[in-house]
Amino acid sequence: MSDDKIPPPNVWPTLRATDARALITFLVDAFGFVEVAAYGEGNLIMHAELAWPEGGGIMLGSDRQDGSKWSLKPGSFGCYVVTAEPDALLAQARAAGAEITQELEDTDYGSRGFAARDPEGNLWSFGTYRGEPRPV
C-alpha cells in the first residue's frame with residue numbers, strides 16, 4: 001500500500017462480538033461506519049476494520065473465548081464518536097433500529113449529540129464535541 005493511502009496515527013478502539021458479521025452490518029447501516037477489511041471464514045471474524053468517515057475507526061472480531069491476551073467480553077464496549085451531523089446520524093440510527101438511550105441534546109460544554117446501544121449491548125455516544133485544545 002502506498003504511503004499516501006495509509007491514515008495518520010490515531011486511536012482505534014477494539015471490541016469483540018458474539019456475532020461479529022451481524023454487528024459489522026449494523027454499524028455500517030445504523031451509524032455509517034465503512035467496512036474496510038474483514039478477515040475470517042463464514043461468521044468467524046478474526047479481524048475487521050471499520051473506518052469512521054470523519055477520521056479514525058474501530059477494529060473488532062468474533063468472541064473466540066480461546067484464552068488469548070486480547071479477550072474482551074462482548075457487549076462491554078463504550079465509545080464516543082465525533083460527528084459533524086448528529087441530527088442526521090440519529091435519524092439514520094433510528095431508521096436502522098438502533099436502541100436510542102439518550103435523545104439529542106445540547107450540552108453546556110458546546111456539544112450536540114445522542115447515545116445508542118448496538119445489538120451486542122455496546123454503548124455509543126455521538127456528538128459534535130471534538131475535545132479541548134491541546135497544550136502547546
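Contact here means heavy atoms within 4.5 Å. Helices (H or I, at least four residues) and strands (E, at least two) are DSSP runs, numbered from the N terminus.

This is a predicted model: local features need pLDDT of at least 70, side-chain atom pairs count only at pLDDT 80 or more, and totals for chains, interfaces and linings use all residues. Residues are numbered from 1 along each chain as its sequence is written, and side-chain values use heavy atoms, with hydrogens and water left out.

Start with the helices. Val28, Asp29, Ala30 and Phe31 of α1 meet Leu89, Gln92 and Ala93 of α2. The residues of this contact divide into 5 nonpolar, 1 polar and 1 charged. Helix α1 covers residues 20-31, and helix α2 covers residues 86-95. Their axes come within 7 Å and cross at roughly 135°. Axes are lines fitted to C-alpha atoms, for helices over the stretch in contact, with angles from 0 to 180 degrees between N-to-C directions. α1 and α2 are therefore oblique to each other. Angles under 35 degrees count as roughly parallel, over 145 as roughly antiparallel, 65 to 115 as roughly perpendicular, and the rest as oblique.

Now the strands. Two strands pair if DSSP finds at least two bridges between them. Strand β2 (residues 34-41) pairs with strand β3 (residues 44-51) in the antiparallel sense, over 7 bridges. Tyr39 stands opposite His47 in β3. The hairpin of β2 and β3 has 2 residues between the strands, and Gly42 takes a positive phi near 60°.

β3 also pairs with strand β4 (residues 57-62), in the antiparallel sense over 4 bridges. Here Glu49 stands opposite Met59 in β4. This hairpin has 5 residues between β3 and β4. Gly55 in the turn has a positive phi of about 125°.

Methods:
Nonpolar A, V, L, I, M, F, W, Y, C, P; charged D, E, K, R; others polar.
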